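Dear colleague,

I am handing over the structure we talked about, together with notes on what turned up when I went through it. Please look at the model below first, and then read on.

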Amino acid sequence: MRKKMNFNSNWYFHMGELEQKVEKITSKTGTCGGASNLTREEGFVYKNPQHIADVIGIEDGNSLYSIAEHVEGIWDMVDLPHDWKIRQDYVKPSSYSGMLDKEGQKGYLPDGVGYYRKKFSLPKEDLGKRIVIEFEGVMRDAIVWVNGCYIGSHLSGYTGFAYDISAYLNYGDEGENVILVKTDCTYEEGWWAEGAGIYRDVWLYQLDPVHVKRHGTFVYCKDITDSNTKVMIDTEIENKLHSDCSVTVRKSLVSQEDQILYHQEKELTVGSLCVGTISFDFMLENPILWDLDHPYLYKMVTEIVRENEIVDHNETLFGVRDIKYTSQGLLLNGKWIEIKGVCEHQDFAGVGTALTPDIIDYKLTRIKEMGGNAYRSAHHPATDYLLQACDRMGILVLNENRRLDVGPEGLNDVEELIKGSRNHPSVFMWCMENEEFITLLPPGKRLLNELMAYAKKLDPTRLFTVAGQFAKGDSEYESIPDVVGFNYDSGHAKARLENYPGSLVMASEDASFVSTRGVYEDNRELGVCDSYDSGSYYEKVLKGSDVEISSGTVGGASSLFNLVYCWNHYKHEVPGLGGIFIWTAFDYRGETFPWNWPTINSQYGAMDMCGFEKDVYYYWQSVWMDQPMVHMLPHWNWKGKEGQKVHIDVYSNCDEVELFINNESQGRKKHTIGLITRWEPLYVPGEVKVVAYNDGKPVTEDYKVTTGEPFAIRLSKIYSGKDNDLFKAEIVDKSGLLCPTADNHIQFSVINAEIVGVGNGNPSSHEPDVADQRKAFNGLALVILRKRSENITVMADSDGLESARISYANGSFIYI
């Protein structure tokens, strides 16, 4: 029977080139004793387990593990997922290469090589089973050895891979087993900070020799109506026996309430060491459809019976939903859905790219709270857990290919992308390339054509798009995908629709708005950007890195236009775009545009690296949400600027807005959704408030108050997960008001928990993320905990401030 075991715990990690250190120990470079044994270039397959033991005087005979154990340096015990790159120090560049500084693209974290090793034992009874190890993602150029034998290599850091290692293992008293994994991020795939190491989950499977193949079940629906739908199931059965095998394949459809709705059996004979395919279909009456408000999931259970014994039990979750993309955008179950999408890298404060399920859930929750309903996995395939979470939460996913490549590795990556996620109802379309320069040339178009044809055979049920940039306006290029995706459209979509009626278009990426949370004046020395949407970012920054930029001009989109243009363009000018995917939901490491050093992460996010909202977050709320809202910026702490003008912007989805300073009206103005209402009053300390009206009646308000000096720390739990809790630390004055410019140092400590990491959202902070302390940035900091007990205490201390302490049990607070 199939067993799936989490293989994330008790690994050891070593930083640096292990081959050189092995050679130094052995003082030999022979085919069995030296560094060549570890290199892929030598085509290494280990011959004699005892030989290296003899050479270096080790008795246990487990050669590669022994070498790893005895090399100079420290091996740290780690749990996966693990990003070793964020555990390094930031390195100031000796020179700059312009606005797109290469080191800045990677966040000024050095590249390198790291190794992971893990010991484990298997009982004698497992002999005869198929043991498969699966890596969901290793960054990157991974090489895997098992018990000294080279198993395989995987180039991409964004696709999963698996090896059947049954024949290489020791069982029972034969001895322990050792896995060694090399990770090398010297050559990057993307142009952002990609992280490093085994940053996604690892699984160990125990399978019968006859089993459902990895990614071997495909469930899809045809002719979907409210009364019935035809359910189709294709399943690949793998036979690892040395003889033909006849089996019974059982299919059962199970509802979300665990009721069996359908059952059928068929016979299948699979040849020795072959893969057989079997298909089922049936009518499902009165299907419950998956949609954004009610994301209903069914379960397809596959059982394989061999010699009257169930030898495999495999479950596939799926949803019934009818998706069409039309000249007016997306139809989900016959209802038009405006795509309120975000583009997103896999990165977060405290953990880097090693996102846990709880942090993924937190990020998706924040996106929904902003009003978003769609996620573009930019620019790589999404993790399986992220797709599961989107299935469960009702979020659409545009799942994306990393490289435009039709070589063996490129096709394998596309197969992993599609076969690994085609059962997820959240995935509504595939994106096959993003901003590839080669699409300007004839070979690029041929590559895209070939890749698209191959991908469509893997999933004929969905449409395919591109995230087009450089070849926009090229009719040959635009004719290849089913839906033409435009990054930063500036008239090309409208031209496409006019010149080729019936074309389908999408705003695959737009509104690269740069801002720093709580900052309202540019400061190149500090590497921060103002939060106003001035619309002059392009003119002032993109034209050259040496342009002198005055205060209040960087805020805006890195496309030709600003936020207001981007939203109104897709909403009113070209509704056929169907919506928008904004760049991005969260800040991420690398792409330090526009300032480069000392900035170490991007500033495109509607939220910072911690998920703390910036002002622009509320702009998207104002155009994406129906519940009345209003937001004003900036804060109201401007000591030394009394009597000077302050630029006030207001975002709202209401009819009118009125500004008050110390309860004195500054005027009431008509407001249009998607536009920005502005005042420029003189600054006086006190309270500034904006009231929003619908039909002449006040419905909501926002206010800012001039605060006192920092007095205390306030801790609050902002997310509670299965394994991780996230806490926000705020620096407040005596009245409990957030001090919007405070930068006090905070020391965190815990009881019955572990501090995973910290952050503060400062794009120029060079403090380590894997730590128990952090300076606040504009009043805020984040700490991430791993739970170790039901009773947990969290404490935050800072010199000169009142401390904060929270104790809670089973999620309920005991005292604060």
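Does Thr707 count as buried or exposed? Before the answer, please keep in mind that this is a predicted model, and that every value quoted here was computed from it.

Thr707 counts as buried, because its relative accessibility is 13%, and the cut-off for buried is under 20%. Thr707 is found in a loop, the one between β37 (697–705) and β38 (712–720). The side chain of Thr707 is joined to that of Asn637 by a polar contact of 2.8 Å. If neighbours within four places in sequence are left aside, the residues in contact with Thr707 are Asn637, Asp733, Leu737, Leu738, Cys739 and Pro740.

As for the protein as a whole, it has 816 residues, of which 60% are buried, and it contains 13 helices and 46 strands. Among contacts with a separation of 6 or more, 67% are between residues 24 or more positions apart. The accessible surface comes to about 32,000 Å², and carbon and sulfur atoms account for 48% of that area.

On the surface there is a nonpolar patch, formed by Phe437, Ile438, Leu440, Leu441 and Phe470, which together have about 460 Å² of accessible area. One of these residues, Ile438, lies in the loop between β24 (427–434) and α8 (442–458), and Ile438 is partly exposed, with a relative accessible area of 31%.

Helix α6 (residues 384–393) has as its buried residues Leu386, Leu387, Ala389, Cys390, Asp391 and Met393. The elements that cover these buried residues include α5 (357–369), β22 (374–377), β23 (396–400) and β24. After α6 comes Gly394, which has a positive phi near 75°.

Strands β13 (residues 245–254) and β14 (residues 260–270) run antiparallel and are joined by 10 bridges, and within this pairing Cys245 has Val270 of β14 as its bridge partner. The hairpin that β13 and β14 make has five residues between the strands. Asp258, in the loop between β13 and β14, has a positive phi near 65° in a residue other than glycine.

Asn286 is not a glycine, although its phi is positive, at about 50°. Asn286 is found in the loop between β15 (274–285) and β16 (298–306), and Asn286 is exposed, with a relative accessible area of 56%.

The bond from Leu80 to Pro81 is cis, with omega near 0°, and Pro81 has its place in the loop between β3 (76–78) and α4 (102–105). The peptide bond that joins Met139 and Arg140 is also cis, with omega about -15°, and Arg140 is found in the loop between β5 (130–135) and β6 (142–146).

Note on methods. Residues are numbered from 1 along each chain as its sequence is written. This is a predicted model: local features need pLDDT of at least 70, side-chain atom pairs count only at pLDDT 80 or more; totals for chains, interfaces and linings use all residues. Side-chain values use heavy atoms; hydrogens and water are left out. Patches are made of residues with over 30% relative accessible area and no salt bridge: like charges are joined within 9 Å, nonpolar side chains (Val, Leu, Ile, Met, Phe, Trp, Tyr) within 5 Å. Accessible areas come from the Shrake-Rupley method with a 1.4 Å probe; for residues, only the protein chains shown count as cover. A salt bridge is a side-chain nitrogen of Lys or Arg within 4 Å of a carboxyl oxygen of Asp or Glu. Helices (H or I, at least four residues) and strands (E, at least two) are DSSP runs, numbered from the N terminus. Buried means under 20% relative accessible area, exposed over 50%, partly exposed in between (1.4 Å probe, protein chains only). A polar contact is a pair of N or O atoms within 3.5 Å; within protein, one must be able to donate a hydrogen and the other to accept it, and residues adjacent in sequence count only if both atoms are side-chain atoms. Contact means heavy atoms within 4.5 Å. Two strands pair if DSSP finds at least two bridges between them.
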